[in-house]
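Subject: Structure handover

Hello,

Here is the structure for your files. My notes on what was found in it follow below.

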Amino acid sequence: MTSTSSFGHPSAAGTNDYQSFAAAFGDLYSRFPRREWGSDSKPLTMMRVDQNAHEKVIPAVPDIVFRLVVQSSMTSSSVNFGDGRVDLSGRSGSFYVAPANATADWRSDGDHELLMISAPSSLVGDFLGFDGSAQEADPLRSLYGKDLINASLPTIMEEIWRKAQSNNGQASALEIDDLFVSLLTTLGSYADNQAHPATGNDEPPLDHKRLLMIADYVDENLDMPLVLDDLAKVVDLSIFHFSRRFKNATNSTPHEFVLSRRVEASRQMLVNVEVPIVEVAYACGFSSQAHFTSKFKRYTGTTPGAYRSALVN
């Protein structure tokens with residue numbers, strides 16, 4: 001089957017049609033050692049891979065791929081997404097965005113380590129408030145095939161990777177969501193389409209009524225895994241607009257807000273010495289007693305056990 005790239009050129013997928021970038025990469029780059037993690041709530045795939053000099057064509061896949069060059073001794077690097085070959089620096093700290101539905105013809109000379117996150121274009125559209133109906137309105141379109149250098153991008157990518165590995169890969173879904181929104185928002189600052197809201201956070205803050213709706217929903221579901229989609233639906237907003245308006249209203253991320261509500265609820269439960277601390281942890285949505293202790297100490301300066309002892313003494 002022949003498909004068409006996002007730039008209007010036919011791809012060379014042939015009979016090797018892959019449903020995801022991870023599947024294509026795992027098959028075509030199997031000789032390179034890699035580590036891979038997924039996300040609990042979203043079809044995000046994160047991988048870290050060591051490569052050497054190679055030429056490889058990756059068939060068109062429905063994923064957008066975010067690539068960070070972690071370490072590099074490359075002397076040359078280039079890619080062709082169907083509209084001509086582009087030379088890239090290949091140096092450590094470089095960041096690239098590969099479009100969905102486009103064949104990617106990569107060439108590189110030299111050893112290098114990559115950190116990559118792939119996500120379906122529909123998911124990226126949901127996060128950016130873009131329905132994908134018009135390619136020219138894609139807020140990331142101007143970034144494809146560009147060599148991006150920004151100190152925030154490596155930091156966010158490494159944090160997503162670290163969180164994905166935490167707790168044996170069972171990272172907080174809301175935390176990953178927040179970080180992914182931060183990555184996309186940072187990338188939006190490079191976009192040429194100044195009319196799209198991804199280029200600046202000038203949205204009005206959530207009003208008091210909607211903030212109360214969010215707080216009530218969180219308090220009622222503390223023991224459940226909470227994701228960004230759920231919170232956005234409570235106030236009938238897209239993920240992208242909700243995240244920005246929430247930040248403008250509270251000066252914190254949804255994950256930070258939920259964590260603070262969990263800690264506050266746990267403080268009230270710790271008053272009852274009949275309830276074991278591990279039960280308090282699970283009732284308030286923490287994945288383990290150790291996780292609870294870590295976050296509780298971060299917010300209160302003491303451990304749950306010491307906090308309870310101070311109450312009864």
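Buried here means under 20% relative accessible area, exposed over 50%, and partly exposed in between, with a 1.4 Å probe and protein chains only. Helices (H or I, at least four residues) and strands (E, at least two) are DSSP runs numbered from the N terminus. The model is predicted: local features need pLDDT of at least 70, side-chain atom pairs count only at pLDDT 80 or more, and totals for chains, interfaces and linings use all residues. Residues are numbered from 1 along each chain as its sequence is written, and side-chain values use heavy atoms, with hydrogens and water left out.

Overall

The protein chain has 11 helices and nine strands. Of its 313 residues, 48% count as buried. A contact is a pair of heavy atoms within 4.5 Å. Among contacts between residues at least 6 apart in sequence, 72% join residues at least 24 apart.

Helix α10

Which residues of α10 are buried? They are Phe292, Lys295 and Phe296. These residues are on the same side of α10 because they cover an arc of only 105 degrees around the axis, the arc being that of the directions from the helix axis to the C-beta atoms. An α-helix has 3.6 residues a turn, so residues three or four places apart point the same way. What covers the buried residues of α10 includes α8 (254-269), α9 (277-283) and α11 (304-312). The face turned away from the buried side carries the exposed residues Ala290 and Arg298. Just after α10, Gly301 takes a positive phi of about 85 degrees.

Nonpolar cores

A nonpolar core is a set of buried Ala, Val, Leu, Ile, Met, Phe, Trp, Tyr and Cys residues joined through side-chain atoms within 4.5 Å. The largest one has 65 residues, of which Phe66, Phe95, Phe180, Leu187 and Phe242 touch the most other members. Helix α4 (residues 173-188) gives this core its largest share, eight residues. A second, separate core of 23 residues includes Ala22, Met47, Met74 and Leu114. Leaving aside neighbours within four places in sequence, the contacts of Phe95 include Phe66, Leu148, Leu183 and Leu187, as well as Arg67, Lys146 and Asp147.

Met74 lies in the loop between β4 (63-72) and β5 (76-80). Met74 is buried, with a relative accessible area of 13%. Not counting residues up to four places away in sequence, Met74 touches Val69, Gly90, Ser108, Asp109, Gly110, Asp111 and His112. Met74 and Gly90 are 16 residues apart in sequence and 6.1 Å apart in space, C-alpha to C-alpha.

Thr45 lies in strand β2 (residues 45-51) and counts as buried at 18% relative accessibility. With residues up to four places away again not counted, Thr45 touches Ala22, Glu36, Trp37, Met116, Ile117 and Ser118.

Cavities and pockets

The search uses a 1 Å grid over the protein atoms alone. A cavity is a set of points where a 1.4 Å probe fits but cannot get out; a pocket is an open set with protein on both sides within 12 Å along at least five of seven lines; lining residues have an atom within 4 Å of a point. Grid points are joined across faces, edges and corners, and a volume is the space filled by probe spheres set on the points.

There are three cavities of 30 Å³ or more by this rule. The largest cavity has a volume of about 100 Å³, and its lining includes Met74, Tyr29, Arg67, Trp106 and His112. Strand β8 (104-109) gives the largest share of that lining, three residues.

The second largest pocket has a volume of about 440 Å³. Its lining has 21 residues, of which Asp178, Leu179, Ser182, Lys247 and Thr253 lie nearest the centre. Helix α4 gives the largest share of this lining, six residues.

Positive phi

Asp236, in the loop between α6 (228-234) and α7, has a positive phi near 60 degrees. Asp236 counts as exposed at 68% relative accessibility. Asn251, in the loop between α7 and α8, also has a positive phi near 60 degrees, and is exposed with a relative accessible area of 67%.

Regards
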